[in-house]
Amino acid sequence: MAKVEWSAGIDSVSGALSKPGKNGQHSCEKMLLGTHRVAATESNDCNRVYIRRKVQRSTVPQAKELAARARFASVAAAVKARSKDLMQQATDITDFLAQKDTAGGKKTMKSYLWKVCGDAYDAALAGA
């Protein structure tokens, strides 16, 4: 494993340093990923750098994956529309605060809206 020494002023790096672009965009062919581990160890070498080549998918998406993509897109659009709907906001805030501190309650408004809109999508799909 290689050892990484950072320049003066750089303590650690975490995340993608470069990403391969989408088709048709000028970018690198590889992904450079840096990680920094914060843990109580005897070693000070907690930085790692990985290089990953761009991967082409070898299989066609299955029906289950396509359905999950469609659900995500529909629920995301519903959450966006509902969060901007002034007629619905007061009711949503009241319902969110009522369930927030219960067991299994959603802790953020956005996660609450994802649950409500996801449940509505699933109910509409089951009823159809």
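Predicted model: local features only at pLDDT ≥ 70, side-chain atom pairs only at ≥ 80, totals over all residues.
Biologist: Which elements does the protein chain contain, and in what order do they run?

Modeller: The protein chain has three helices and three strands, and from the N terminus on the order is β-β-β-α-α-α. Of its 128 residues, 12% count as buried, and among contacts between residues at least 6 apart in sequence, 30% join residues at least 24 apart.

Biologist: Why is H1 called oblique to H3?

Modeller: Helix H1, residues 63-84, and helix H3, residues 109-127, pack at an angle of about 125 degrees, with their axes 9 Å apart. Angles of 65 to 115 degrees count as roughly perpendicular and those over 145 as roughly antiparallel, with oblique left for the rest, so the angle of about 125 degrees makes H1 oblique to H3. The crossing of the two helices is right-handed.

Biologist: What makes H2 and H3 roughly perpendicular to each other?

Modeller: H2 and H3 pack at an angle of about 100 degrees, with their axes 10 Å apart. Because angles of 65 to 115 degrees count as roughly perpendicular, H2 and H3 are given that description. Their contact is made by Asp92, Ile93, Asp95, Phe96 and Gln99 of H2 together with Met109, Tyr112 and Leu113 of H3, and its residues divide into five nonpolar, one polar and two charged.

Biologist: How do you know whether Asp92 is buried or exposed?

Modeller: Asp92, which lies in helix H2, has a relative accessible area of 2%, and since buried means under 20%, Asp92 is buried. Leaving aside neighbours within four places in sequence, Asp92 is in contact with Arg82, Met109, Tyr112 and Leu113.

Biologist: What makes the 2.7 Å pairing of the Asp92 and Arg82 side chains a polar contact?

Modeller: A polar contact needs a pair of N or O atoms within 3.5 Å, one able to donate a hydrogen and the other to accept it, and the side chains of Asp92 and Arg82 are joined by such a contact of 2.7 Å.

Biologist: Is Gln99 buried or exposed, and which residues does Gln99 touch?

Modeller: Gln99 belongs to helix H2, residues 86-100, and has a relative accessible area of 16%; because the limit for buried is under 20%, Gln99 is buried. Not counting residues up to four places away in sequence, Gln99 touches Gly105, Lys106 and Tyr112. A polar atom of the Gln99 side chain lies 2.7 Å from the backbone nitrogen of Lys106.

Conventions: Residues numbered from 1 in each chain as written. Heavy atoms only, no water. Axes fitted to C-alpha atoms, helices over the stretch in contact; angles between N-to-C directions. Helix = DSSP H or I, 4+ residues; strand = E, 2+ residues; numbered from the N terminus. Parallel < 35°, antiparallel > 145°, perpendicular 65-115°, else oblique. Left-handed = near helix turned anticlockwise from the far one by under 90°. Buried < 20%, exposed > 50% of the residue type's maximum accessible area, 1.4 Å probe, protein only. Contact = heavy atoms within 4.5 Å. Nonpolar A, V, L, I, M, F, W, Y, C, P; charged D, E, K, R; others polar.
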